[in-house]
Amino acid sequence: MAKPSAKKPPEISSPDPMPARVDPCLATLVDKPPKGPDWAFEVKWDGYRIAVHIEPGRVRTLTRGGHDWTERFPAIVDDARRLAVKTAILDGEAVVLDDQGRSDFGMLQRALGRLPSAVEAGAIVFFAFDLLYLDGRDLRRLALRERRRLLEPLVAGREGAIRLSEEVQADGDEFFRVACAHGLEGIIAKHVEKPYRSGRGEWWQKITCKRRDSFVIVGFEPSTVPGHLGRLLLAALKGGELVYVGGCGTGWSHDLSRELRKLLEGMATKSPAVALRRKAAVFVEPVLVAEVEYRAWTDDGKLRHASFKGIRDLAANSTIYELQ
(Lines give C-alpha, C1' and ligand atoms only; values in the text may rest on other atoms or scores of the structure.)
Protein backbone atom coordinates (compact mmCIF):
# COMPACT_ATOMS: atom_id res chain seq x y z
CA MET A 1 0.00 0.00 0.00
CA ALA A 2 1.47 3.30 -1.06
CA LYS A 3 2.14 5.85 1.62
CA PRO A 4 0.09 9.00 1.34
CA SER A 5 2.23 11.78 -0.01
CA ALA A 6 3.18 14.43 2.50
CA LYS A 7 1.51 17.79 2.02
CA LYS A 8 3.78 20.48 0.67
CA PRO A 9 4.15 23.43 3.03
CA PRO A 10 2.53 26.60 1.72
CA GLU A 11 4.89 28.68 -0.37
CA ILE A 12 6.07 31.82 1.37
CA SER A 13 6.59 34.60 -1.11
CA SER A 14 9.85 36.42 -0.66
CA PRO A 15 9.64 40.15 0.05
CA ASP A 16 10.05 42.60 -2.80
CA PRO A 17 13.39 44.39 -2.70
CA MET A 18 13.06 47.99 -1.57
CA PRO A 19 14.07 50.43 -4.33
CA ALA A 20 16.94 52.76 -3.46
CA ARG A 21 14.93 55.49 -5.19
CA VAL A 22 11.92 55.76 -7.49
CA ASP A 23 11.61 58.21 -10.36
CA PRO A 24 8.37 60.05 -9.56
CA CYS A 25 5.15 59.95 -11.54
CA LEU A 26 4.65 63.43 -13.02
CA ALA A 27 1.41 65.15 -13.98
CA THR A 28 0.75 66.39 -17.52
CA LEU A 29 -0.54 69.96 -17.86
CA VAL A 30 -4.03 70.10 -19.40
CA ASP A 31 -6.53 72.91 -19.93
CA LYS A 32 -9.48 71.46 -18.01
CA PRO A 33 -10.23 68.64 -15.57
CA PRO A 34 -11.11 65.19 -16.97
CA LYS A 35 -14.61 63.77 -16.62
CA GLY A 36 -15.80 60.41 -15.32
CA PRO A 37 -16.02 58.29 -12.17
CA ASP A 38 -12.45 56.95 -12.53
CA TRP A 39 -10.89 60.31 -11.66
CA ALA A 40 -10.14 61.67 -8.20
CA PHE A 41 -8.84 65.15 -7.41
CA GLU A 42 -6.39 66.74 -4.99
CA VAL A 43 -5.10 70.22 -4.26
CA LYS A 44 -1.94 71.05 -6.22
CA TRP A 45 0.62 71.77 -3.50
CA ASP A 46 3.23 74.47 -4.07
CA GLY A 47 6.48 73.06 -2.68
CA TYR A 48 9.21 70.49 -3.20
CA ARG A 49 8.32 67.00 -4.39
CA ILE A 50 10.07 64.50 -2.13
CA ALA A 51 9.96 60.80 -1.31
CA VAL A 52 10.26 59.69 2.31
CA HIS A 53 12.11 56.36 2.58
CA ILE A 54 11.59 54.61 5.92
CA GLU A 55 14.19 51.86 6.26
CA PRO A 56 15.45 49.71 9.14
CA GLY A 57 17.43 52.09 11.34
CA ARG A 58 17.16 55.19 9.18
CA VAL A 59 14.85 57.60 7.33
CA ARG A 60 15.84 59.37 4.10
CA THR A 61 14.15 62.16 2.16
CA LEU A 62 15.00 62.26 -1.54
CA THR A 63 14.21 65.04 -4.00
CA ARG A 64 12.59 64.47 -7.35
CA GLY A 65 16.07 64.31 -8.90
CA GLY A 66 17.37 61.81 -6.33
CA HIS A 67 19.31 64.23 -4.10
CA ASP A 68 19.43 63.31 -0.41
CA TRP A 69 17.92 66.22 1.53
CA THR A 70 17.39 64.35 4.79
CA GLU A 71 19.18 67.03 6.82
CA ARG A 72 16.91 69.76 5.44
CA PHE A 73 13.70 68.17 6.72
CA PRO A 74 14.39 67.22 10.36
CA ALA A 75 10.76 67.46 11.51
CA ILE A 76 9.55 65.22 8.66
CA VAL A 77 12.28 62.66 9.37
CA ASP A 78 11.47 62.66 13.07
CA ASP A 79 7.74 62.21 12.43
CA ALA A 80 8.39 59.42 9.90
CA ARG A 81 10.02 57.37 12.66
CA ARG A 82 6.69 57.40 14.54
CA LEU A 83 4.68 55.82 11.72
CA ALA A 84 3.48 52.25 12.33
CA VAL A 85 5.62 50.72 9.57
CA LYS A 86 8.89 48.82 9.28
CA THR A 87 9.70 49.89 5.74
CA ALA A 88 7.87 52.28 3.42
CA ILE A 89 8.24 54.81 0.62
CA LEU A 90 5.82 57.75 0.77
CA ASP A 91 5.44 60.09 -2.20
CA GLY A 92 4.33 63.64 -1.56
CA GLU A 93 5.12 67.35 -1.31
CA ALA A 94 7.04 69.31 1.32
CA VAL A 95 5.36 72.68 1.90
CA VAL A 96 5.00 75.60 4.29
CA LEU A 97 1.43 76.76 4.89
CA ASP A 98 0.41 80.40 5.22
CA ASP A 99 -2.12 81.63 7.79
CA GLN A 100 -4.97 80.61 5.48
CA GLY A 101 -3.71 77.05 5.04
CA ARG A 102 -2.36 77.58 1.53
CA SER A 103 1.08 76.33 0.53
CA ASP A 104 3.55 79.20 0.02
CA PHE A 105 6.67 78.44 -2.01
CA GLY A 106 8.44 81.62 -0.93
CA MET A 107 8.00 80.73 2.75
CA LEU A 108 9.33 77.23 2.02
CA GLN A 109 12.44 78.72 0.41
CA ARG A 110 13.06 80.80 3.50
CA ALA A 111 12.58 77.83 5.81
CA LEU A 112 15.19 75.92 3.79
CA GLY A 113 17.67 78.74 4.29
CA ARG A 114 18.30 80.08 0.79
CA LEU A 115 17.25 83.56 1.98
CA PRO A 116 17.17 85.18 5.46
CA SER A 117 14.02 84.11 7.26
CA ALA A 118 11.85 84.11 10.33
CA VAL A 119 10.31 80.83 9.07
CA GLU A 120 11.78 77.84 10.91
CA ALA A 121 12.59 74.50 9.26
CA GLY A 122 10.11 72.92 11.67
CA ALA A 123 7.29 74.74 9.87
CA ILE A 124 7.74 72.46 6.84
CA VAL A 125 5.11 69.74 6.56
CA PHE A 126 4.91 66.78 4.18
CA PHE A 127 1.60 66.04 2.48
CA ALA A 128 1.67 62.36 1.49
CA PHE A 129 -0.44 61.49 -1.56
CA ASP A 130 0.90 58.06 -2.53
CA LEU A 131 2.43 54.92 -1.02
CA LEU A 132 4.92 53.07 -3.21
CA TYR A 133 6.32 50.45 -0.85
CA LEU A 134 5.13 49.00 2.45
CA ASP A 135 6.72 46.37 4.74
CA GLY A 136 8.36 44.28 2.06
CA ARG A 137 5.77 44.81 -0.68
CA ASP A 138 6.25 46.93 -3.79
CA LEU A 139 2.89 48.63 -4.32
CA ARG A 140 3.58 50.35 -7.63
CA ARG A 141 1.82 47.65 -9.64
CA LEU A 142 -1.43 48.22 -7.70
CA ALA A 143 -4.15 50.62 -8.81
CA LEU A 144 -4.11 54.06 -7.19
CA ARG A 145 -7.31 53.32 -5.26
CA GLU A 146 -5.55 50.33 -3.62
CA ARG A 147 -2.43 52.34 -2.81
CA ARG A 148 -4.56 55.06 -1.24
CA ARG A 149 -6.47 52.44 0.79
CA LEU A 150 -3.16 51.37 2.32
CA LEU A 151 -1.82 54.92 2.74
CA GLU A 152 -4.75 56.52 4.52
CA PRO A 153 -4.65 54.48 7.77
CA LEU A 154 -0.97 55.38 8.17
CA VAL A 155 -1.26 59.17 7.94
CA ALA A 156 -4.94 60.24 8.01
CA GLY A 157 -5.88 62.53 10.90
CA ARG A 158 -2.30 63.39 11.79
CA GLU A 159 -1.43 66.97 12.74
CA GLY A 160 2.35 66.60 12.81
CA ALA A 161 4.94 67.07 10.09
CA ILE A 162 3.48 64.21 7.99
CA ARG A 163 -0.13 64.56 6.88
CA LEU A 164 -2.51 63.14 4.30
CA SER A 165 -3.18 65.01 1.07
CA GLU A 166 -6.94 64.62 0.93
CA GLU A 167 -8.49 63.04 -2.14
CA VAL A 168 -11.79 64.47 -3.38
CA GLN A 169 -14.36 62.61 -5.44
CA ALA A 170 -16.11 65.57 -7.04
CA ASP A 171 -16.96 67.31 -10.26
CA GLY A 172 -13.58 68.43 -11.56
CA ASP A 173 -14.77 71.71 -13.04
CA GLU A 174 -16.41 72.78 -9.78
CA PHE A 175 -13.42 71.73 -7.65
CA PHE A 176 -11.11 73.67 -9.97
CA ARG A 177 -13.31 76.78 -9.73
CA VAL A 178 -13.33 76.64 -5.93
CA ALA A 179 -9.57 76.05 -5.78
CA CYS A 180 -8.84 79.10 -7.92
CA ALA A 181 -11.32 81.23 -5.95
CA HIS A 182 -9.40 80.37 -2.76
CA GLY A 183 -6.09 81.45 -4.24
CA LEU A 184 -4.66 77.96 -4.73
CA GLU A 185 -2.21 77.12 -7.49
CA GLY A 186 -4.54 74.56 -9.07
CA ILE A 187 -5.62 70.92 -8.80
CA ILE A 188 -4.32 67.46 -9.69
CA ALA A 189 -6.50 64.78 -11.33
CA LYS A 190 -5.50 61.11 -10.96
CA HIS A 191 -6.94 58.00 -12.58
CA VAL A 192 -7.80 55.70 -9.68
CA GLU A 193 -7.39 52.45 -11.65
CA LYS A 194 -3.84 53.05 -12.89
CA PRO A 195 -0.62 51.65 -11.38
CA TYR A 196 2.25 53.95 -10.43
CA ARG A 197 4.34 54.78 -13.49
CA SER A 198 7.51 56.84 -13.33
CA GLY A 199 7.71 59.79 -15.71
CA ARG A 200 5.06 62.03 -17.21
CA GLY A 201 1.82 60.56 -18.51
CA GLU A 202 -1.91 61.13 -18.94
CA TRP A 203 -2.89 59.12 -15.84
CA TRP A 204 -1.97 62.14 -13.66
CA GLN A 205 -3.05 65.56 -14.92
CA LYS A 206 -2.57 69.06 -13.53
CA ILE A 207 -4.84 72.02 -14.12
CA THR A 208 -3.39 75.35 -12.99
CA CYS A 209 -5.22 78.57 -12.21
CA LYS A 210 -2.43 80.48 -13.96
CA ARG A 211 0.52 79.33 -16.02
CA ARG A 212 3.58 78.67 -13.91
CA ASP A 213 6.99 77.34 -14.91
CA SER A 214 10.68 77.31 -13.99
CA PHE A 215 13.25 79.45 -15.80
CA VAL A 216 17.01 79.80 -15.32
CA ILE A 217 18.16 83.17 -13.96
CA VAL A 218 20.89 84.41 -16.32
CA GLY A 219 21.17 87.97 -15.05
CA PHE A 220 19.44 90.99 -13.61
CA GLU A 221 18.94 94.69 -14.15
CA PRO A 222 19.48 96.93 -11.12
CA SER A 223 16.64 99.03 -9.76
CA THR A 224 16.73 102.82 -9.75
CA VAL A 225 16.55 102.36 -5.96
CA PRO A 226 20.15 101.77 -4.82
CA GLY A 227 20.85 98.18 -3.70
CA HIS A 228 17.60 96.79 -5.06
CA LEU A 229 16.56 94.50 -7.89
CA GLY A 230 14.86 95.95 -10.96
CA ARG A 231 14.32 92.94 -13.18
CA LEU A 232 15.39 89.31 -13.43
CA LEU A 233 16.60 88.09 -16.82
CA LEU A 234 15.32 84.59 -17.58
CA ALA A 235 16.10 81.74 -19.96
CA ALA A 236 14.42 78.53 -21.12
CA LEU A 237 15.88 75.48 -22.83
CA LYS A 238 15.81 74.93 -26.57
CA GLY A 239 17.71 72.05 -28.12
CA GLY A 240 19.80 71.70 -24.98
CA GLU A 241 20.84 75.38 -25.00
CA LEU A 242 19.63 78.31 -22.88
CA VAL A 243 17.58 80.90 -24.74
CA TYR A 244 16.56 84.30 -23.35
CA VAL A 245 12.79 84.55 -22.84
CA GLY A 246 12.41 87.97 -21.24
CA GLY A 247 12.34 89.32 -17.75
CA CYS A 248 10.38 89.49 -14.56
CA GLY A 249 10.11 92.70 -12.54
CA THR A 250 7.42 92.02 -9.94
CA GLY A 251 6.56 89.56 -7.20
CA TRP A 252 9.05 90.46 -4.47
CA SER A 253 8.82 92.63 -1.37
CA HIS A 254 11.11 95.56 -0.57
CA ASP A 255 13.29 93.37 1.69
CA LEU A 256 13.35 90.42 -0.70
CA SER A 257 14.39 92.72 -3.55
CA ARG A 258 17.48 93.70 -1.59
CA GLU A 259 18.24 90.10 -0.57
CA LEU A 260 17.94 88.80 -4.14
CA ARG A 261 20.18 91.59 -5.44
CA LYS A 262 22.87 90.72 -2.90
CA LEU A 263 22.59 86.99 -3.66
CA LEU A 264 22.90 87.50 -7.42
CA GLU A 265 25.77 89.98 -7.17
CA GLY A 266 27.79 87.18 -5.58
CA MET A 267 27.29 85.10 -8.75
CA ALA A 268 28.16 87.78 -11.33
CA THR A 269 30.09 86.70 -14.43
CA LYS A 270 31.48 88.40 -17.53
CA SER A 271 30.46 85.39 -19.68
CA PRO A 272 26.68 85.52 -20.31
CA ALA A 273 24.89 82.17 -20.57
CA VAL A 274 22.67 83.55 -23.36
CA ALA A 275 23.22 85.65 -26.45
CA LEU A 276 21.97 88.96 -25.08
CA ARG A 277 23.25 92.51 -24.97
CA ARG A 278 21.69 94.90 -22.50
CA LYS A 279 23.50 98.00 -21.36
CA ALA A 280 22.45 97.87 -17.71
CA ALA A 281 22.43 94.08 -17.31
CA VAL A 282 24.54 92.19 -14.79
CA PHE A 283 24.96 88.60 -15.96
CA VAL A 284 25.22 85.75 -13.46
CA GLU A 285 26.24 82.11 -13.44
CA PRO A 286 23.20 80.01 -14.50
CA VAL A 287 22.84 78.10 -11.22
CA LEU A 288 19.53 79.39 -9.88
CA VAL A 289 16.00 78.80 -11.11
CA ALA A 290 13.09 81.21 -10.72
CA GLU A 291 9.53 79.98 -10.32
CA VAL A 292 7.50 82.38 -12.45
CA GLU A 293 3.77 82.87 -12.90
CA TYR A 294 2.70 84.39 -16.21
CA ARG A 295 -0.31 84.78 -18.48
CA ALA A 296 0.98 83.91 -21.94
CA TRP A 297 3.80 84.19 -24.48
CA THR A 298 4.37 87.06 -26.93
CA ASP A 299 4.70 86.34 -30.63
CA ASP A 300 8.48 86.72 -30.39
CA GLY A 301 8.81 84.15 -27.59
CA LYS A 302 8.87 86.34 -24.48
CA LEU A 303 6.92 85.97 -21.22
CA ARG A 304 3.85 88.19 -20.71
CA HIS A 305 2.91 89.60 -17.28
CA ALA A 306 5.55 87.54 -15.48
CA SER A 307 5.60 87.56 -11.67
CA PHE A 308 8.28 86.07 -9.42
CA LYS A 309 7.10 83.31 -7.06
CA GLY A 310 10.25 81.72 -5.66
CA ILE A 311 13.81 80.61 -6.22
CA ARG A 312 15.56 77.27 -6.12
CA ASP A 313 18.88 75.67 -7.04
CA LEU A 314 19.30 74.27 -10.53
CA ALA A 315 20.96 71.29 -8.83
CA ALA A 316 17.60 70.39 -7.25
CA ASN A 317 16.72 68.96 -10.68
CA SER A 318 14.02 71.50 -11.43
CA THR A 319 12.19 70.97 -14.69
CA ILE A 320 13.27 73.94 -16.80
CA TYR A 321 10.73 75.13 -19.35
CA GLU A 322 11.58 73.82 -22.83
CA LEU A 323 10.73 75.74 -25.98
CA GLN A 324 9.49 73.62 -28.86
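1. Aromatic pairs. Twelve aromatic pairs are found in the structure; rings of Phe, Tyr and Trp (its six-membered ring) pair if their centres lie within 6.5 Å, with planes under 30 degrees apart counted as stacked, over 60 as edge-to-face and the rest as tilted. One of them is the stacked pair of Trp-45 and Phe-127, at 4.0 Å centre to centre and 10° between the planes. Trp-45 belongs to the loop between E2 and strand E3 (48-55) and Phe-127 to strand E6 (residues 125-134), so the pair ties together parts that are 82 residues apart in sequence. Helices (H or I, at least four residues) and strands (E, at least two) are DSSP runs, numbered from the N terminus.

2. Basis of the model. The model is predicted: local features need pLDDT of at least 70 and side-chain atom pairs count only at pLDDT 80 or more, while totals for chains, interfaces and linings use all residues. Residues are numbered from 1 along each chain as its sequence is written, and side-chain values use heavy atoms, with hydrogens and water left out.

3. Trp-45 and Phe-127 are both buried, where buried means under 20% relative accessible area, exposed over 50% and partly exposed in between (1.4 Å probe, protein chains only). The ring centres of Tyr-196 and Trp-204 are 5.8 Å apart and their planes stand at 85°, so this pair is edge-to-face. Tyr-196 and Trp-204 are buried. One aromatic cluster consists of Phe-215, Tyr-294, Trp-297 and Tyr-321.

4. Charges over rings. Arg-72 has its charged end over the ring of Trp-69, 4.0 Å from the centre. Arg-197 lies over the face of Trp-203, 4.7 Å from the ring centre. The criterion is NZ of Lys or CZ of Arg within 6 Å of the ring centre and within 35 degrees of the ring normal.

5. Nonpolar cores. A nonpolar core is a set of buried Ala, Val, Leu, Ile, Met, Phe, Trp, Tyr and Cys residues joined through side-chain atoms within 4.5 Å. The largest has 35 residues, of which Val-52, Ile-54, Ile-76, Leu-90, Ile-124 and Leu-131 touch the most other members. Elements that each supply at least two residues of this core include E3, helix H1 (74-80), strand E5 (88-95) and E6. Leaving aside neighbours within four places in sequence, Ile-124 is in contact (heavy atoms within 4.5 Å) with residues including Arg-72, Ile-76, Leu-108 and Ala-161. A second, separate core of 26 residues includes Ile-217, Leu-232, Leu-260 and Leu-303.

6. An open sheet. Four strands form an open sheet of mixed pairing, in the order E1-E10-E9-E2; two strands pair if DSSP finds at least two bridges between them. The edge strands, E1 (25-29) and E2 (39-43), each pair on one side only. E1 and strand E10 (residues 199-208) run parallel and are joined by five bridges, and Leu-29 stands opposite Lys-206 in E10. Helix H4 (residues 172-181) lies across E2, strand E9 (186-191) and E10, at about 155° to E9. Axes are lines fitted to C-alpha atoms, for helices over the stretch in contact, and angles run from 0 to 180 degrees between N-to-C directions.

7. Positive phi. Most residues other than glycine have a negative phi. Asp-135, in the loop between E6 and strand E7 (137-138), has a positive phi near 45°. At 42% relative accessibility, Asp-135 is partly exposed. His-305, in the loop between strand E17 (303-304) and strand E18 (307-313), has a positive phi of about 55°.
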